[in-house]
Amino acid sequence: MKTTLTLRLVGLLLGFGLALPQAHAQTPATPTAATAATQRQLQALRTGEAIKLDGVLDEPVWQQAQVASDFIQNRPKPGPHERHKTEVRVLYDDAALYVGAIMHDVSLDSIPKELTARDNSGNSDFFGIFLDTYHDKLNGYGFIVTTGGVQMDARYSPAGGEDFNWNAVWDSRTSLQGTDWVAEMRIPYSAIRFGTADVQEWGLQFMRQRRRENQGFFWNDVKPEVNGFVNQWGLLTGLQGLKPPLRLSLTPYVSGYVNHNPLSPDGARRTTTSFNGGADVKWGINESFTLDATLVPDFGQVQSDNQVLNLSPFEVQFAENRQFFTEGTELFSKGNLFYTRRVGAQPIGYGSVSAGRGEKILRNPAETRLLNATKISGRTNKGLGVGLFNALSNDVYATLQDSATGAKRDVLTQPFSNYSIAVLDQSLKNNSYVSLINTNVTRWGRTYDANVTGGLFRFNDKKNAYALDGSVVYSRRRGTVFGSDTTRIDDPNGFKYTVGLGKISGKITWGLNHRIESDHYNPNDLGILFGNNNITQSFDAGYHLYKPFWKVNNLHVFGQVTHSLLYRPTRYQSVDYYLGANTTFTKSFLQLGFDFNVDPANNDFYEPRQYPLGQYWVRVPGSTSLVFFINMDPRKKFQLNWNVGSRQYAEDERLDRPRRTRYSFGAYPRYRVNDHLTFRYNIDWSYDGNQIGYVNGGLKRDEPLDHDFMGQVILGRRNVATVSNVAQVIYTFTNRMSFTFRARHYTSCVRYQDFARLKPGGEEELVNYQRNRDNTFNAFNIDAVYSWWFAPGSQVSVVWKNAGSTSLLANQATPLYFDNLSNTINTPHSNSVSVKLIYYLDYLALRKKR
């Protein structure tokens, strides 16, 4: 849980909810409450005078520019005009846009200025400018700088919401002057895209945060009860004679690694070194479209995945930490058909590698190395967004060795593969759009190819009060199971469709949604879906008070009813009733809330792992769940956020077994020593008592105690205790240099109490299954990162990664936490130390110097 107020949370705090697939609407208290404010205008001034970027607005031309002022508060109380004046001026020349802002205040003590890593505001004031260069009221850019000079930048779109993974190369300086602070920015045209018209008007917004009072102000009023953010910006005029520059940059890199793996097989080197080189290329094809390519990419320094024990029938979805796949992907996120971790993922034949008699597995790569990846994306002045993505990966082989002769042989685990995506996204009036997406995976050799095509739409009314949206998606797979000539894949064609209608602005919001995923729908070659074969319908409603009353700043209450059926055969799955609320107290800024669920008895068709679905299911008794959370004021040196939850199940009268229970607790303290040093600690604990689930690992023919149960579905009653600890130390030397140390220990223990045979129709029968299936999984990671941005777009990073995991089975499994911690620490770990240098080369800057 994040505890600092970063710009990543601005969307939530402002209530514009861009990332929501269906806008959650609100009914106005008065006929005009959901109407956007009148659009303000500011005229930019062309300058021929050189602007020195130093945080001091002393060039005479600044005094000639029109001033934007009289900002309007958005939080904690929407509506009041600012008491401490903000003055903003905008200049431009043939190369860049210049922004000068003076933020008046009471005294220097009223201006916090914590230093943080890029894209994190921390405990600091900030100023930002937002640009909608095509004025489509849907897509925009944000450039923000804190009092400490920390830069933040983001893209805004209906698909990606507020996306801080996007990074541009621009420059800024800040200074403290008396009781004021000043921000000066230079945004080169190469960082943004715009049209070729001689006279242009751009959407424009300014924002100021006064951290001391937890106040956020906008130049053009942003009403939280109005759906959307970009559509509530003002207008920048006076832009004339702008010519989109040649946007061409090369960012080469070199990296070196020293890796030590004490678990390497006999005969393999345990300490290895490697050197890598490659480059990222960015080329503005024209004023609208940009090509991004990474050649021979190196992702070895990205943060380690949070490994967990997975007892569910579905895969674990990991976060994407590779910058190329997080930056500028808002078009490719349309329809949620692209799961970037599929590109360069585990080879499809990784789990099928088996050693023959007298052989051992010498090497079996768990990741697919990419040869290159390319993105072309942009939007025309007519509002048509176009995105093309392509990536290539080479053959991947596992190596096996004969123990007697030493002879080695290679086994193909991943053939040469091509991953591609094409997107067309047409922006329409009233924050509406229609989109077409196609994803494709083509593999060489004996295997299968996959293709998914989808269409999406959203239509808002003129008042931006109601919305109709939906999608139709078709998936197709052709070929054979990997490495086979005869066995055909079992899900060749499938479909999915969704439709929703909702009220999207005002105090009261509601949405009615319907979705079907057919039994053969499968987008998982380049997307992710946890379970198909569903018919789902839901109704949600919310009530929102944005202005302070009593002792609180706001109040949000929301509820949902969801009903689900199996698609084929059509059978009942579940009904869920949900109610939640949260509020923030006016003086203490203490936030609290709850989530409450009532779930009648339901049928789980996925847990038995029997396909096709429908014959077997696990009956889950009705349950009631309550989760309560409190978040303390993030301005304080010490902050503690925590949550506690419980789920209680009804008694299952079919068998004489104790009732199921679940308890959870999380605590997230943070202590900020000063403006440079911060300590963070996260602990999450959960306990599932008498959980019923498929026996992890399944049954094996080479296990004597499994022989009598082969071909049957065996369920176990188990207690599962899980603890996750994350400790983090962050020291920021300057606004361009930082050091982060992150250590994580995760342990999950499974202890079985008894076993049952699952019969068709959901009936369970206790059996005398004797094999000990207890399991304890431990994972430990350290990520230590030193980063120095020594020039715009150029960085040196030194990373130490330490990783180790253990899986203790049967009698070795232990529920004792400190025994697991000791076992994890004392188990041999792999270590990697790497140094990487990237250097940003801009064609325009090089030409100017020459």
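Biologist: Where is Pro-569 found?

Modeller: Pro-569 is found in the loop between strand S30 (552-566) and strand S31 (571-585), where helices (H or I, at least four residues) and strands (E, at least two) are DSSP runs numbered from the N terminus. Please keep in mind that this is a predicted model, in which local features need pLDDT of at least 70 and side-chain atom pairs count only at pLDDT 80 or more, while totals for chains, interfaces and linings use all residues. Residues are numbered from 1 along each chain as its sequence is written, and side-chain values use heavy atoms, with hydrogens and water left out.

Biologist: And what kind of peptide bond runs from Arg-568 to Pro-569, cis or trans?

Modeller: That bond is cis, with omega near -5 degrees. Another cis peptide bond joins Arg-75 and Pro-76, with omega about 0 degrees, and Pro-76 lies in the loop between strand S3 (72-75) and strand S4 (86-92).

Biologist: Why point those out?

Modeller: Because most peptide bonds are trans, and most residues other than glycine have a negative phi.

Biologist: OK, phi then: what is the value for Lys-137?

Modeller: Phi of Lys-137 is near 65 degrees, which is a positive value in a residue other than glycine. Lys-137 sits in the loop between strand S6 (126-132) and strand S7 (140-146). Asn-430 also has a positive phi, near 65 degrees, and Asn-430 belongs to the loop between strand S23 (417-428) and strand S24 (432-443).

Biologist: Is Lys-137 buried, exposed or partly exposed?

Modeller: Lys-137 is partly exposed because its relative accessible area is 38%, given that buried means under 20%, exposed means over 50% and partly exposed lies in between (1.4 Å probe, protein chains only). Asn-430, with a relative accessible area of 33%, is partly exposed as well.

Biologist: Switching topic, how many salt bridges does the structure hold?

Modeller: The structure holds 33 salt bridges, a salt bridge being a side-chain nitrogen of Lys or Arg within 4 Å of a carboxyl oxygen of Asp or Glu. One of them joins the side chains of Arg-155 and Glu-330, at 2.8 Å from N to O.

Biologist: Which parts does that pair tie together?

Modeller: Arg-155 lies in strand S8 (residues 151-157) and Glu-330 in the loop between helix H3 (323-326) and strand S18 (359-363), so the pair ties together parts that are 175 residues apart in sequence. Both Arg-155 and Glu-330 are buried.

Biologist: Which residue forms a salt bridge with Arg-657?

Modeller: Arg-657 forms one with Glu-764, and their closest N and O atoms are 2.7 Å apart. Arg-657 lies in the loop between strand S36 (638-649) and strand S37 (661-672), while Glu-764 is in strand S41 (residues 764-767), so this pair ties together parts that are 107 residues apart in sequence.

Biologist: Last one: which residues make the nonpolar surface patch?

Modeller: Leu-428, Val-434, Phe-459, Leu-468, Val-499 and Leu-501 make that patch, which covers about 420 Å². Patches are made of residues with over 30% relative accessible area and no salt bridge, where like charges are joined within 9 Å and nonpolar side chains (Val, Leu, Ile, Met, Phe, Trp, Tyr) within 5 Å; accessible areas come from the Shrake-Rupley method with a 1.4 Å probe, and for residues only the protein chains shown count as cover. Val-499 is found in strand S27 (residues 493-503) and counts as partly exposed at 36% relative accessibility.
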